[in-house]
Amino acid sequence: MKKLPLGIQNFPEIRTENYIYIDKTPLALKLADSGKYYFLSRPRRFGKSLFLDTLKCLFEARKDLFKGLFVYDKWDWDKTYPVIKISFGGDVCQSSEHLEKTIAGLLQKNERDNGVAAANRETIGNYFRGLIEACHEKYQRRVVVLVDEYDKPILDNITEEDTALSVRNFLRGFYSAIKDADEHIKFAFLTGVSKFSKMNLFSGLNNLRDITLSPEYSTICGYTQMDVETEFKEHLARTGPGGPVDLAELAKWYNGYSFSGERVYNPYDILLFFQEGGKFKNYWFETGTPTFLMDMIRAKQYFLPNLENLEVSEQLLNTFDVGNIPIESLMFQTGYLTIKKTATIFNQVIHTLSYPNFEVKNAFNQYLIGYFTEHRFQPDARLYRTLLEDDFTGLKAQITRLFAAIPYTAHGNLTHYEGFYVSVIYAFLAGLGLDLTAEDITSRGRADLTLKFPGHEKIYIFEFKVLQDGHSKNKNPLVQIKEKRYFEKYMEDGKRIFLIGIEFSKEKRNIVSFEWEQVPAGSLDGE
């Protein structure tokens, strides 16, 4: 049984040490044959670095490494190209001065690897161009330029706007060498997590083709369902604690990332899942802490249930720069949201975004609750029991405890805002892996929140109100559910429906009224 290439980004090691390799060479060949300058954005730990190393070995004509792969009998192995590979993944950028030293070290390494010396080192841009020219001159073949994590120096400083702008401007001078050295370049490929504006970062490199959302390259990183079922066949048969792995459960947890094409798994999840003996855990989510994203959500009073079904233009997904980072764009590019469907409306491409899978939805909302409460609150076993047993007294106590754990400073000016309370309760329940519909549309209005239990054998319908000075201009929430008949769409034989009205006090920042009742079986009036 082949080994799992967990954390290995070195193509030669994978090919010579009996590791599983998902053949991406059909796409590598297509890139090399059809263009010159490319850019690819993918979330972290998605296999970008391994693909870049595959390209490096391909252009270096290391034929033996590709035996048995698609490209083996389709590549001209008699041509060897000099390769300059720059990776920013190994350091944390602290300033533009620090970045300058880092890049100088990377260029020196490429000089040693290629046996050349750049003639001009006055600036980092001149140094880079000089290295490209020296490689072309020595080998009499145009140069392949590969840049991994091109954006990491900026992202390292994204919360410090002045430093981030300084780093971005420095990188612009560095990347301008690619444009200036066009006559010496055979092929260039840049990867990163984010898609910073070309105008502000690449300084005229307008012919850089962005393949991030190209359907033909949608599986360039990640594992398809077919990849998992064929290449991991032996692992699937032997990993599950009670027998073979349940493919449907595996897909529910980890599949679902879409970049305008076939859905893929994050490789990191799959590899750790097998390594850990088939335990379903939040493997990918736990490798990063989205604190900056949480700060934005709170500062912009973002309505969290919208993340389930978010419609955005393609232009918005491409809008990303220092000081101008839409939450939707950030969440998509970092992997917390993905494309569920795409439509063209009045000549505009509109993407519907949502969580890619159960892991991300569950872990993200659990993290949100920890963030809101500064880790003073964690759901315990009693919560699951209250829901299983329809213990509404216990549910009220759990929600009361939740809001009591949110520090006063975290509320800010949100206590009058009904969406704040809905968002917190939504995150609270979504973190349990439950099926939720916010602003559930009916023929007579919208219910604030609907909770569907596994198998949908029972339904909870919530309505929330916020009281100011102990009074509300609106109807009692439970009365509103009944008068608007929000429950009618769920009236089916055997289904139990519970109506829950909750009132919050702006002053007390917690529950002041919690009422519930069950819709009688077979009833259509809810009385």
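## Exercises on a predicted model

Lys341 sits opposite Thr352 in strand S8.

**Exercise 1. Find which strands pair with S8, and in which sense.**

Step 1: Start with strand S7 (residues 338–345). Seven bridges join S7 to S8, and the two run antiparallel.

Step 2: Check the turn. S7 and S8 make a hairpin with two residues between the strands, and Phe346 there has a positive phi near 50°.

Step 3: Now look at strand S6 (residues 310–313). S6 also pairs with S8 in the antiparallel sense, over four bridges. Within that pairing, Ser313 has Ile350 in S8 as its bridge partner.

Solution: S7 pairs with S8 over seven bridges and S6 pairs with S8 over four, antiparallel in each case.

**Exercise 2. Is S8 mostly covered or mostly open? And is Gln315 buried or exposed?**

Step 1: S8 spans residues 348–354, and five of its seven residues are buried, so the strand is mostly covered.

Step 2: Compare with the cut-off. Exposed means over 50% relative accessible area; Gln315 has 60% relative accessibility, so Gln315 counts as exposed.

Step 3: The C-alpha atoms of Gln315 and Val349 are 8.4 Å apart, although 34 residues separate the two along the chain.

**Exercise 3. Classify the ring pairs Tyr355–Phe364 and Phe403–Tyr421.**

Step 1: For scale, there are 52 aromatic pairs in the structure. In the one formed by Tyr355 and Phe364, the centres are 6.1 Å apart with 50° between the planes. Planes under 30 degrees apart would be stacked and over 60 edge-to-face, so this pair is tilted.

Step 2: Check burial. Tyr355 is buried at a relative accessible area of 4%, and Phe364 is buried too, at 0%.

Step 3: Locate the partners. Phe403 is in helix H18 (residues 392–404) and Tyr421 in helix H20 (residues 418–430), so the pair links distant parts of the chain, 18 residues apart. Phe403 is buried at 2% relative accessibility, as is Tyr421 at 0%.

**Exercise 4. Which charged residues lie over the rings of Phe259 and Phe358?**

Step 1: Over Phe259 you'll find the charged end of Arg42, 3.8 Å from the ring centre.

Step 2: Over the face of Phe358 comes Lys252, at 4.9 Å from the ring centre.

**Exercise 5. Describe how helices H4 and H7 pack.**

Step 1: Two packed helices are described by the angle between their axes and the distance between the axes.

Step 2: Read them off. H4 (residues 96–114) and H7 (residues 161–180) pack at about 30°, with axes 9 Å apart.

Step 3: Classify. Angles under 35 degrees count as roughly parallel, so H4 and H7 are roughly parallel to each other. Their crossing is right-handed.

**Exercise 6. How many bridges join S9 and S10?**

Step 1: S9 (residues 435–442) and S10 (residues 445–452) pair in the antiparallel sense, over seven bridges.

Step 2: Ile441 stands opposite Arg446 in S10.

Technical notes
Residues are numbered from 1 along each chain as its sequence is written. This is a predicted model: local features need pLDDT of at least 70, side-chain atom pairs count only at pLDDT 80 or more; totals for chains, interfaces and linings use all residues. Side-chain values use heavy atoms; hydrogens and water are left out. Rings of Phe, Tyr and Trp (its six-membered ring) pair if their centres lie within 6.5 Å; planes under 30 degrees apart count as stacked, over 60 as edge-to-face and the rest as tilted. Buried means under 20% relative accessible area, exposed over 50%, partly exposed in between (1.4 Å probe, protein chains only). A charge sits over a ring if NZ of Lys or CZ of Arg is within 6 Å of the ring centre and within 35 degrees of the ring normal. Two strands pair if DSSP finds at least two bridges between them. Axes are lines fitted to C-alpha atoms, for helices over the stretch in contact, and angles run from 0 to 180 degrees between N-to-C directions. Angles under 35 degrees count as roughly parallel, over 145 as roughly antiparallel, 65 to 115 as roughly perpendicular and the rest as oblique. A crossing is left-handed if the near helix is turned anticlockwise from the far one by less than a right angle, and right-handed if clockwise.
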